[in-house]
Amino acid sequence: MKTTCQVCMHHCALSPGQTGLCGARKNEDGKILCTSYGQITSLALDPIEKKPLKHFRPGSTILSVGSYGCNLRCPFCQNHEISMAKEAEADSLYVSPGRLADLALEWKERDNTGNIGIAFTYNEPLVGWEYVRDTARLVKANGMANVLVTNGTASPEILEELLPLMDAMNIDLKGFRADYYRMLGGDFDTVKAFIAKAASGCHVELTTLIVPGENDSLEEMAEEARWIAGVNPEIPLHITRFFPQYHMLDRKPTDIRRLYQLAETAGQYLANVYVGNVS
């Protein structure tokens with residue numbers, strides 16, 4: 001008998017023993033379990049600006065952690081080695097929520113710039129949202145910050161549970177067309193609803209990777225920026241440069257002049273627009 005996973009818009013109907021599209025959730029004896037729980041593939045102390053967050057604790061550092069799995073299929077994914085991996089393919093080490101929260105505290109005392117907390121990032125953290133929740137609770141109890149870097153395609157129920165625990169998010173807004181999101185294996189309306197709700201509960205910044213020939217029109221950027229402004233014109237938007245990656249090696253890097261043209265367009269509607277990956 002199949003069991004349906006409720007974490008994202010795919011609603012994978014899984015037979016016993018079957019793993020969902022994300023590679024991180026599995027039907028075990030009729031119950032959907034997170035196989036990536038505590039399985040850490042990446043751990044690094046990063047500048048907060050690398051998330052990217054420009055308006056949240058600037059100049060600080062944050063302990064960044066990733067696992068494996070993702071519910072999108074972006075052909076340009078820069079972390080495809082872990083985001084596209086399944087349980088058997090991931091080179092991971094188990095770290096309990098308590099141990100990870102303790103590490104954040106240790107780095108706060110050890111690092112000269114003072115680690116401020118934990119950023120859940122690198123792969124798509126919300127395919128393993130239970131680990132994010134359990135760790136974030138402990139981080140909060142320690143008086144430290146939680147940051148989520150996500151594609152924003154989780155269900156409203158999961159966002160409702162996690163939002164009180166989050167201090168800041170960077171959410172990928174891949175583009176501003178439903179057909180583009182379908183090409184990436186996502187859902188446009190889900191992302192817009194996620195952003196609007198998240199922005200009502202914590203600090204939010206957005207990132208749009210500009211892929212030549214896909215989402216680089218000035219008209220689309222104007223439409224995107226107008227929509228963001230309708231949520232909150234103060235939301236920072238990071239417009240970032242594409243480099244050939246993964247299955248999209250046939251494209252050239254985004255023209256830098258085009259990035260600045262897009263930023264100028266977005267700046268007609270938004271107070272805080274930044275160009276990234278240009279140096």
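**The pocket and its strands**

Author: This is a predicted model. In the largest pocket, strand 10 (145–150), strand 11 (168–172), strand 12 (203–210), strand 13 (237–241) and strand 14 (273–276) each contribute at least two residues to the lining. Strand 13 gives the most, with four residues.

Reader: What makes a residue part of the lining of the largest pocket, and how many residues line it?

Author: A lining residue has an atom within 4 Å of a point of the pocket. The lining of the largest pocket comes to 39 residues, and K51, Q78, N79, D172 and T207 are the ones nearest its centre. By class, 15 of the lining residues are nonpolar, 15 are polar and nine are charged, and the space inside the largest pocket is about 1,000 Å³.

Reader: Why is L237 called buried?

Author: Buried means under 20% relative accessible area; L237 has a relative accessibility of 0%, and therefore counts as buried. L237 belongs to strand 13, and beyond its neighbours within four places in sequence it is in contact with L206, T208, M221, E224, I228, A266, L270, N272, V273 and Y274. Between L237 and L53, which are 184 residues apart in sequence, the C-alpha to C-alpha separation is 9.6 Å.

Reader: How do you know how many disulfides there are?

Author: A pair of cysteine sulfur atoms must lie within 2.5 Å to be a disulfide, and by this rule the count is zero. For C12 the nearest cysteine sulfur is that of C8, 6.1 Å away, and C12 is in no disulfide. C202 is likewise in no disulfide, the nearest cysteine sulfur being that of C70, 19 Å away.

Reader: What makes C202 a buried residue?

Author: The relative accessible area of C202 is 13%, and the cut-off for buried is under 20%, so C202 is buried. Across the protein chain, buried residues make up 52% of the 279 residues.

Reader: Why is the protein chain said to be as compact as a globular protein of that length?

Author: The protein chain has eight helices and 14 strands. Its radius of gyration is 18 Å, close to the 19 Å that the globule rule gives for 279 residues, and so the chain is as compact as a globular protein of that length. Along the principal axes, the C-alpha atoms fill a box of roughly 50 × 50 × 35 Å. Of the contacts between residues at least 6 apart in sequence, 68% join residues at least 24 apart.

Notes. Residues are numbered from 1 along each chain as its sequence is written. This is a predicted model: local features need pLDDT of at least 70, side-chain atom pairs count only at pLDDT 80 or more; totals for chains, interfaces and linings use all residues. Side-chain values use heavy atoms; hydrogens and water are left out. Buried means under 20% relative accessible area, exposed over 50%, partly exposed in between (1.4 Å probe, protein chains only). On a 1 Å grid over the protein atoms alone, a cavity is a set of points where a 1.4 Å probe fits but cannot get out, and a pocket is an open set with protein on both sides within 12 Å along at least five of seven lines; lining residues have an atom within 4 Å of a point. Grid points are joined across faces, edges and corners, and a volume is the space filled by probe spheres set on the points. Ala, Val, Leu, Ile, Met, Phe, Trp, Tyr, Cys and Pro count as nonpolar, Asp, Glu, Lys and Arg as charged, and the others, Gly among them, as polar. Contact means heavy atoms within 4.5 Å. The radius of gyration is taken over C-alpha atoms; the globule rule is 2.2 Å times the number of residues to the power 0.38.
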